[in-house]
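Take a look at the model, then read on.

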Amino acid sequence: MADTVPFRPLRRRRMAILVAALAAVTALACWGAYRWAEAEARAALTLNGDQRLGLYASSIRNAVGRYDYLPFLVARDHEVLDLLDAPSDQRRDAVNRRLETANAAAGSAALYVVDRSGLALASSNWADPAQSFVGHTYDFRPYFRQAVESGSGRYFGIGVTTGLPGYFLSHAVRQGEALTGVAVVKIDLETVQRDWAAGGERVLVTDENGIVFLSSHAEWKYRALRPLPDAVTARLAQTRQYDRSDLPPLGLRDGPLMENGARLVSLPIPAPGASGPGATRRAFLMQELALPEFGWTIRFLSDLEPVKAQAAGAAILTAMGILLLAAAAALGWQRRQALRLQREARVTLERRVEERTAELVTANRILRDAQEELVQAGKLAALGQMSAALAHEINQPLAAIRTFVASTRLLAERGETAMVRDNLAMIGDLAERMALLSGHLKEFARKGPARVETVPVARAMDRALALLASRLREEEVQVDRSIPPDARVRGDAVRLEQVFVNLLRNAADAMEGSGDRRLTLTATRNAEGWEVRIRDTGTGIAEAHQFQLFDPFFTTKEVGQGLGLGLSLSYGIVRDFGGTLRAENNPEGGACFVVLLPEAQ
């Protein structure tokens, strides 16, 4: 044993060098595997996107191509020519019915004929006064002008008469060289969009101005990829292409351009049940395909989360492979060592494992105790901040008891036993009220580890409201409570009560100085459990604070008004119950804290 002692420092240095080299090699290999897998996954994603774009382009061309012939045939119909040459009620009626029959057979949205001034003389929807095109003038529409100037036209827009979107194909009607009118077919592309939506993919079609008018997601329609110039807005208003639409920005942000022509972009995606400030941005790979015959561009968005997951999986597998190889090499090296060294290494390893296990047990106990102390400190801090209101809440029945005791003595001396009994009953009620409040305080201040049990949400909320009753009454806060009695969640009653106290106090603080102080408390069941919402009418949550609310020691209050631990503790408690806690702004003003907890079975 003594012979090997001088060599131990050298052996340790060699081991340290080997470990460092292994770590460096592992890190480099993992980085290379991640980049390679990411490139491969993105290439596969791009290939799939190219194929999907081709299919979507074919679906649009097929949907429009089915009706290319209709305007041409209508423009050569002898009854249409006669109507445009010499309009009369009899000829209009005949053409109306002829167009109605042709439209029903073709399956188009509408067929109609306008004269050279743009006035609609006959239409397939003539029988519906609310939808009929007859008598309306469409000379401002680009498809009319295109047909007049070049013989045919194509145009997508929202119908100014029906309010329904569609694609318009037009063809000039001529007798000899003279233009007598224009034949138009309106095509409904909503079925194409419904097919896209059913596929669950993200695809959108934009016009030459970058306005989305076809999409698999309805909320993206009639939005601009980027803010529109004033000249474009004025031209759209003149042609009424997107009548009754404000065309707000879609919120698309461009990222770097990839080598294959695709681009990384991000879009705001609302969280379930949320919008606006509640929306989060997600990254996508956007690919484009131009449709020059329409003047449109199809854009296909691919989710990048599978790419990241595949790249991370490749890096993990690489690390595991290298570590396995290293472990095998180490095992082979160990087998070549002497039995004496093996025994010594085993004893040393066992001793180190025992030491590390003991340290881990100690650290876990200290961490658990610190967590309990922090939760208890949060409860006591809340009680300390409410102490003045609670003292006032207890002093009122105490003062009333003193008054009743004094009056009871006088009534007993007079022998008025009935009134004595009434006074004693009142004293008993006041004592019961004090006992109930002190019981709430005792239960709230109880120190102990969290217990997993069935907790009625209504009872926990009522106890929290009881602790804050004096302040809410003094500040004239109106409480609207709608919590079903069968709302039961899995957790710890005292800690859930602490969460409610923290959220109610924050809401009350936010409504200081507000003219309308109102708390709305609701609980609804969803697929994940019970969702408890605490809404206030305060100032709401500033956008700059959205991502800091639940950080420890973050607070917007003045110095001395709070440590910024209430929301952080509440977040940790709800997470320990297997739930979530988030904050959002109400559309009508104020903030809303949403507590989602698993339902107790």
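A nonpolar core here means a set of buried Ala, Val, Leu, Ile, Met, Phe, Trp, Tyr and Cys residues joined through side-chain atoms within 4.5 Å, where buried is under 20% relative accessible area with a 1.4 Å probe, protein chains only. This is a predicted model, so local features need pLDDT of at least 70 and side-chain atom pairs count only at pLDDT 80 or more, while totals for chains, interfaces and linings use all residues. Residues are numbered from 1 along each chain as its sequence is written, and side-chain values use heavy atoms, leaving out hydrogens and water.

**Cores**
- The largest nonpolar core holds 48 residues, and Tyr 167, Leu 189, Tyr 242, Trp 296 and Ile 298 have the most contacts inside it.

**Glu 584**
- Glu 584 sits in strand β18 (residues 580-585).
- Glu 584 counts as buried because its relative accessibility is 11%.
- Its side chain makes a polar contact with the side chain of Arg 533 at 3.0 Å; such a contact is a pair of N or O atoms within 3.5 Å, and within protein one must be able to donate a hydrogen and the other to accept it, with residues adjacent in sequence counting only if both atoms are side-chain atoms.
- Another polar contact, of 3.5 Å, links the side chains of Glu 584 and Arg 582.

Terms used
Buried < 20%, exposed > 50% of the residue type's maximum accessible area, 1.4 Å probe, protein only. Helix = DSSP H or I, 4+ residues; strand = E, 2+ residues; numbered from the N terminus.
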